[in-house]
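Okay, thanks for having me, everyone. Let me put the model up, and then we'll walk through a few spots in it.

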Amino acid sequence: EIRPPKSWIWLELGKLHATIGEDSLSNQYFNFSYREIKDHFKDSKNDIIQSLQNVKEIYIFQNDTIMVEILNQQIQEINVIEFNYDNFDYNIKKKRANDNKAVSFIQNGFYLVDVGLFSEAADNFINAFSLNTENIDFNYLTNIVPSDLESRIELLNIFESKIENENSQPSLFFSAILNFYLGEIDIAYKRIIEYNKIDFMDSRAQLLLAHIYFNKKNYPQALSHYKNAKILYPNSTNAELGLAKSFFELEEFDSSNVCLENLINVDPYNFEAYFYKGVNNYYLNDINKSIKDLTESLLLNPDYSDTFYFLGLSYKKSKNYNRALDALNKAKTLNPENGLIDLELGKIYESILNTEQALEFYKSASTYLINNSELNYNYGMLLFKTEQYKEAMNPLRDYFISNPDSLKILEPISVIFYNEKRYSEAIDSINRLLLSDLE
């Protein structure tokens, strides 16, 4: 079982007792935390240095001398850091004050955005960011993104102005976040790289960079930066979920599950963790676990179409067609324009010999899925088997265009041509079939 480190538990207990005025107990727990942190300080420092060395090797390979120089400087700075109780005690007290200030700045910023005072709001967000407190984490900072497009652009323009006129470091970060949520991924990447060169040790920047790489489908790079974010901020559930998703996209399902177990231990009500665990287990062919995890995910969020979709696939794989149909129909209710759901419903109805329903769902799927070979083949062949030759021609032709070397399609196509009195095309299809037999 994975638990938070003792130092973290004692530190949190110390903060809680301090909050309610029990200073004696608070100091006692801070001392416990101090001793534990001191024991592990050297190991943690070495882990961070090793991570920076690994990243430095990448930039050496890329011949990026600026980043190599920055990383060398950061490694040297970390190497000379020594643990000091006076600093620890002072930092605990300072952290409490900074946490409160940062939250106050952020809340003021939200209010100022609501009333249209974007410049003043940006100043408050920058003040909160500059205090560098853990409670102003990545999730908190993404909340600064206004819900309406006009306000997002207004706020972005303020931060861009501050970058140009004031060389504002926090504005680089906020510009990156706002551009990311505006869909301007390349600009977001440019801004976060600029920020990252100034402060490589900010886990929030590593996390945003990982999200950008993930958005670009560069999953190995996303994985690397999620790992960096996790090293810099071990309690980051965002980083853990990002690692799990990246491993999933790389089809490393067991590794993804390890991350998801870690996440569930910290955040047992995270529906996405159970969803991805269920999908991983589906691809690992552990259907009982898949059904259990996906059901757990639905208990936490019953409105997520993809969960019903994969639950339907899992029941289908176990040949429990009634439950598969129930789950897929619920998925379709939540997401009626997902052609993959219609395709799976069609396949199930075809397997239980309900031809009419199968054709109905195949036809619906063809509205949303363009050039899907499986759909074109299944739909065309079922129309062919029910002697709807004219209707079968289009999907089978589309299948053949995508799969010109497929021989299994030649015989039904030649029959269709013959029935449609397209004799020369029928002869060509039969000759191709004969030639393939001779080969």
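Predicted model: local features only at pLDDT ≥ 70, side-chain atom pairs only at ≥ 80, totals over all residues.

**A few spots in the model**

Let's start with S414, which touches A426, S429 and I430, leaving aside residues up to four places away in sequence; contact here means heavy atoms within 4.5 Å. Residues are numbered from 1 along each chain as its sequence is written, and side-chain values use heavy atoms, with hydrogens and water left out.

Back to S414. Where does S414 sit? In helix α22, residues 410–419. Helices are DSSP runs of H or I with at least four residues, strands are runs of E with at least two, and numbering goes from the N terminus. S414 has a relative accessible area of 7%, so it is buried. The cut-offs are under 20% relative accessible area for buried, over 50% for exposed and partly exposed in between, with a 1.4 Å probe and protein chains only.

Of its 439 residues, 45% count as buried. And if you take contacts between residues at least 6 apart in sequence, 52% of them join residues at least 24 apart.

Now a helix pair. How do we describe two packed helices? By the angle between their axes and the distance between the axes. For α14 (residues 271–283) and α16 (residues 305–317), the axes come within 10 Å and cross at roughly 30 degrees. That makes α14 roughly parallel to α16. Axes are lines fitted to C-alpha atoms, for helices over the stretch in contact, with angles from 0 to 180 degrees between N-to-C directions. Under 35 degrees counts as roughly parallel, over 145 as roughly antiparallel, 65 to 115 as roughly perpendicular, and the rest as oblique.

Which residues meet there? On the α14 side, F275, V279, Y282 and Y283; on the α16 side, D306, T307, F310, L313, S314 and K317. By class, that contact of α14 with α16 has 6 nonpolar, 2 polar and 2 charged residues. Nonpolar is Ala, Val, Leu, Ile, Met, Phe, Trp, Tyr, Cys and Pro; charged is Asp, Glu, Lys and Arg; the others, Gly among them, are polar.

Staying on α16, 10 of its 13 residues are buried, including F308, Y309 and L311. Their cover includes α14, α15 (287–300), α17 (321–334) and α18 (339–351). After α16 comes K319, with a positive phi near 65 degrees.

Helix α8, residues 169–181, is mostly covered too: 11 of its 13 residues are buried. Those buried residues pack against α5 (118–130), α6 (138–142), α7 (149–166), α9 (185–198) and α10 (203–215). G183 follows α8, and its phi is positive, near 85 degrees.

Last stop, the loops. N285 isn't a glycine, yet it has a positive phi of about 65 degrees; you'll find N285 in the loop between α14 and α15. Is N285 buried or exposed? Its relative accessibility is 52%, so N285 counts as exposed. E387, also not a glycine, has a positive phi near 60 degrees, and E387 lies in the loop between α20 (373–385) and α21 (389–402). At 58% relative accessibility, E387 counts as exposed.
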